[in-house]
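Please look over the sequence and the model before reading on, and ask of each label what stands behind it.

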Amino acid sequence: MKNTKNLFKINFTTYILILTFLFTGYIKNIILIYLIIIFHELGHVITIKSLGYKIKSIEIFPSGGITKIEKKINSPIIHDLLISISGIIAQVLLFFLFLILFKYSLISNHTFILFKNYNKTIIIFNLL
């Protein structure tokens with residue numbers, strides 16, 4: 001079994017950003033942002049594992065995450081496409097989860113709008 005401590009890393013500057021948000025009272029914001037980022041990376045991880053590739057590392061940065069994998073350069077292009085879009089698909093699924101939570105009044109209107117804006121921004125950033 002591979003040591004998961006070496007597999008999952010959080011960049012030092014990410015800790016500084018999280019502490020800054022916490023000390024300035026933007027707790028909900030930082031939770032939503034990193035929930036989206038982690039869910040996005042989870043989408044990549046599920047696809048990578050289902051295609052049979054090995055994950056070298058997952059690193060979370062202040063502006064997103066990077067999942068490094070071991071695969072051959074001449075792997076099928078469809079695999080590359082599936083791995084690339086799986087993060088965005090995970091975010092769309094997370095949006096529907098938040099939509100259901102909002103419809104049943106389990107989260108506030110403010111939280112849903114905040115989530116929707118962050119999620120949309122991260123999706124657009126990933127499509128670039």
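The questions and answers below concern this predicted model and the grounds for the terms applied to it.

Q: What makes N119 a buried residue?
A: The relative accessible area of N119 is 3%, and the term buried applies under 20%, so N119 falls within the buried class.

Q: How do you know which residues N119 touches, and where does N119 lie?
A: N119 lies in helix 5, which covers residues 109-127. Leaving aside residues up to four places away in sequence, N119 touches I36, Q91 and F95, and a contact of this kind requires heavy atoms within 4.5 Å.

Q: What makes strand 2 and strand 3 a pair, and in which direction do they run?
A: Pairing requires at least two bridges between two strands, and seven bridges join strand 2, residues 54-61, to strand 3, so the two strands qualify as a pair. They run antiparallel, and a hairpin joins strand 2 to strand 3 through two residues.

Q: Which residues of strand 3 stand opposite S57 and K54?
A: S57 stands opposite K68 in strand 3, while the bridge partner of K54 in strand 3 is E70.

Q: What is the strand order of the sheet, and why are strand 1 and strand 3 said to stand at the edges?
A: The sheet is open, with three strands in the order 1-2-3 and mixed pairing. Strand 1 (8-10) and strand 3 (64-70) each have a single partner strand, so one side of each is left without a neighbour in the sheet. Neighbouring strands of this sheet are turned by 15° against each other on average, with direction ignored.

Q: How many helices and strands does the chain have, and what order do the elements follow?
A: The secondary structure comes to five helices and three strands, and from the N terminus the elements run α-β-α-α-β-β-α-α.

Q: How many side chains of the chain are positive and how many negative, and how far apart do the centres of the two sets lie?
A: There are 13 positive and 4 negative side chains, where Lys and Arg count as positive and Asp and Glu as negative; the centres of the two sets lie 6 Å apart.

Q: What share of the residues in the chain is buried, and what share of the contacts joins residues 24 or more positions apart?
A: Buried residues make up 34% of the 128 residues in the chain. Of the contacts with a separation of 6 or more, 61% are between residues 24 or more positions apart.

Methods:
Residues are numbered from 1 along each chain as its sequence is written. This is a predicted model: local features need pLDDT of at least 70, side-chain atom pairs count only at pLDDT 80 or more; totals for chains, interfaces and linings use all residues. Side-chain values use heavy atoms; hydrogens and water are left out. Helices (H or I, at least four residues) and strands (E, at least two) are DSSP runs, numbered from the N terminus. Axes are lines fitted to C-alpha atoms, for helices over the stretch in contact, and angles run from 0 to 180 degrees between N-to-C directions. Buried means under 20% relative accessible area, exposed over 50%, partly exposed in between (1.4 Å probe, protein chains only). The place of a charge is taken as NZ of Lys, CZ of Arg, CG of Asp or CD of Glu.
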